Amino acid sequence: MEQQAASSSSSPTNATAAKTGANGNSSASVTTPSSSSSASSSSFDVNSPDYFCFHAPYNKLVQKSFGRLFFLDARRKQLSEEEKKEDETDDELKEWISKPIDDTYADKGLEKVLKSVSAAIYKEKFTDSNAASKMVGNTYTASVFLGLASLVDRAGG
C-alpha cells in the first residue's frame, strides 16, 4: 500500500510530499508554485496526501494553518473555470471566497468556520504526526522532526 505524507513549515506554498511504497522505499519531492506545472498543481489539494506534518510549536497553530490551506483549496476550486462543483463546504465559505485574499487574513469569523469545516480532514491527516508533540509539548525547531518520527512510529509500519 502506498502512503503519502506532506510536510510544511506552516506555509502551504512550500510543502514536502513523501511517498512510501509497499516495499518500504521512500521518496520525497518539494512542490512549489514555481517548480510545478499548472496541470500538476491543480490536481494537488488537501486530500492528495495521506498525512501532513507541519512545523508545530503548538497544535492550535497547525490547525489554523491547515484551515488556511483548506480555504485556499476551496477558493481555487470555486474561482477555477474547470471546477464549478458546489458542495456544502463551499456554501459555508461562500461569504469569504470572493473577498480579496488580504481581507481574509485577520477574519476571526472565517477562522472559526475553517476550524469547523476542516476538522474531519484535519483529524484524519494529522492525528499520527501530532501525537508525540501533544505528549512532549513545544520542541521549537525540532517540531517537524518530532512530527515525522511520530508519523513513522504510528503509521509507518
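With a relative accessibility of 4%, serine 143 counts as buried, where buried denotes under 20% relative accessible area, exposed over 50% and partly exposed the range in between (1.4 Å probe, protein chains only). The model is predicted, so that local features need pLDDT of at least 70 and side-chain atom pairs count only at pLDDT 80 or more, while totals for chains, interfaces and linings use all residues. Residues are numbered from 1 along each chain as its sequence is written, and side-chain values use heavy atoms, with hydrogens and water left out.

Serine 143 is placed in helix H6, helices being DSSP runs of H or I with at least four residues, numbered from the N terminus. The side chain of serine 143 makes a polar contact of 2.7 Å with the side chain of histidine 55, a polar contact being a pair of N or O atoms within 3.5 Å, of which, within protein, one must be able to donate a hydrogen and the other to accept it, and residues adjacent in sequence count only if both atoms are side-chain atoms. When neighbours within four places in sequence are left aside, serine 143 is in contact (heavy atoms within 4.5 Å) with His55, Ala56 and Pro57.

The buried residues of H6 are Ser143, Val144, Gly147, Ser150, Leu151 and Ala155. Viewed down the axis of H6, these buried residues fall within an arc of 120°, taken from the directions from the helix axis to the C-beta atoms, and they therefore line one face of the helix. Exposed residues Phe145, Val152 and Asp153 are carried on the face of H6 turned away from its buried side. Just after H6, glycine 157 adopts a positive phi of about 80°.

Methods
Helix = DSSP H or I, 4+ residues; strand = E, 2+ residues; numbered from the N terminus.
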